[in-house]
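Student: I would like to go through this model with you. Could we begin with the ligand site?
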Amino acid sequence: MTKRRGRRQWASRETLSRSDLVRIILKGAFGERLKADEPLAPYTSFRIGGPAQWFLRVDTVEDLKEAVHVARRARVPFRVLGGGSNVLVSDEGVEGLVILNRSKRFSVRPGPDGLRLVVDSGVSLPWLAGQLAQGGIGGLEWTIGIPGTVGGAVVQNAGAWGQEIKSRLLWVEWLDRQGHLETVDAERLNLGYRHSLLLEFPPAERPIVLRAAFRVDRETPEAVQRRLRRYILRRTSSQPRMPSGGSTFRNPPGDYAGRLLEAVGLKGYRIGNAQFSTKHANFIVNLGGATAADVMALIELARQRVREQFGVELELEIELVGRWEATSSDEETVQGEGREGEDE
Ligand SMILES: Cc1cc2nc3c(=O)[nH]c(=O)nc-3n(C[C@H](O)[C@H](O)[C@H](O)COP(=O)(O)OP(=O)(O)OC[C@H]3O[C@@H](n4cnc5c(N)ncnc54)[C@H](O)[C@@H]3O)c2cc1C
């Protein structure tokens with residue numbers, strides 16, 4: 001009797017397809033929180049992108065860790081999305097699980113060498129900058145106009161107005177793809193111009209940043225808020241307000257991508273509903289209903305013109321995510337040389 005039941009179970013397991021198994025494991029772990037074929041456009045600053053095969057929003061670091069463990073158990077490829085402000089998601093969408101990181105706790109405490117901020121990787125930089133300014137905590141107010149999360153900012157070593165994550169970062173706590181938790185000192189992260197050790201891993205092997213610690217200063221709320229307002233003003237006067245992915249290309253050594261794009265006549269150039277901004281040539285903006293293919297066509301055109309006229313190979317600063325034709329050399333991750341601390 002027992003023997004027969006065992007045989008039947010085995011047979012049914014054999015007939016389950018790989019994707020059925022993945023669905024059963026993910027659904028079993030996350031229930032109704034798990035979504036299938038969720039359009040990613042609303043979760044990106046470009047407002048562009050096809051669906052994620054599987055999609056899960058997490059609101060705590062514990063949930064983020066659990067999501068990573070379950071994805072590993074299901075052997076499904078996964079990627080963490082923060083603010084979605086440095087990615088171009090393909091129109092075809094993303095295979096596997098996309099984990100939207102909305103972990104949101106932070107604390108400021110005295111540390112061995114001054115004040116220390118410990119913050120979840122899903123915290124939005126503009127929100128954090130506002131909270132810290134209100135409390136009279138200085139040091140990160142320059143991040144006010146960067147529409148990403150702490151995790152994404154560490155990955156990119158985000159920077160603006162002569163400052164960068166590197167200047168204040170003490171350590172990160174990450175979960176590697178084998179499931180090991182590790183606290184990694186900032187010195188070990190190879191932080192440079194829009195670069196970190198995390199980008200040296202292929203995306204499928206990249207550790208997941210859970211938390212980060214920063215050195216911060218006690219000041220008066222008025223002083224920090226004054227600087228905050230100055231940074232907001234500088235942003236609004238120099239950058240377009242339409243949906244975009246920020247700077248498209250990295251600045252080549254000794255030059256500016258924006259200058260090169262202007263010089264080859266692409267400022268304001270449009271394909272479909274995507275356009276090199278008339279305000280900042282290195283920003284591609286979504287005029288409304290642009291596709292990832294429109295943006296990609298602009299990227300390819302820009303590279304070709306800049307290569308032909310200046311002999312310079314433009315490298316993407318934004319990351320291509322999802323299913324793309326194999327033609328794109330920058331797919332998924334980029335590395336390279338650049339100037340330290342260059343502003344957008
Ligand atoms: C209008 C605008 C202005 C901008 N200005 C600036 C600027 O001044 N300076 C600047 O440096 N950048 C700027 N950017 C680019 C972007 O905001 C930053 O790079 C930001 O740090 C990206 O963070 P994110 O959370 O949005 O990352 P996402 O776009 O969500 O992700 C980027 C990459 O990081 C990975 N990732 C995200 N979170 C984690 C995590 N917790 N662990 C591991 N990997 C993770 C993702 O998988 C992806 O590969 C701007 C963008 C826009 C749209």
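Student: Which element gives the most to the shell around the ligand?
Tutor: Helix α5 does, with 5 residues. Helices (H or I, at least four residues) and strands (E, at least two) are DSSP runs, numbered from the N terminus. Please note that this is a predicted model, in which local features need pLDDT of at least 70, side-chain atom pairs count only at pLDDT 80 or more, and totals for chains, interfaces and linings use all residues. Residues are numbered from 1 along each chain as its sequence is written.
Student: Which residues come nearest to the ligand?
Tutor: Of the 34 residues around the ligand, Gly 82, Gly 148, Gly 151, Gly 152 and Gly 246 come nearest. A residue is near a molecule if its C-beta atom, placed from the backbone, lies within 6 Å of it.
Student: Which elements give two or more residues to that shell?
Tutor: They are β3 (78-81), α5 (150-156), β9 (159-160), β13 (208-218) and β14 (244-247).
Student: Turning to the sheet, in what order do the strands of the open sheet run?
Tutor: The order is β1-β2-β5-β3, with mixed pairing; two strands pair if DSSP finds at least two bridges between them. The edge strands are β1 (35-39) and β3.
Student: Do β2 and β5 pair in the parallel or the antiparallel sense?
Tutor: Strand β2 (residues 51-58) and strand β5 (residues 94-101) pair in the parallel sense, over 6 bridges. Phe 55 stands opposite Val 98 in β5.
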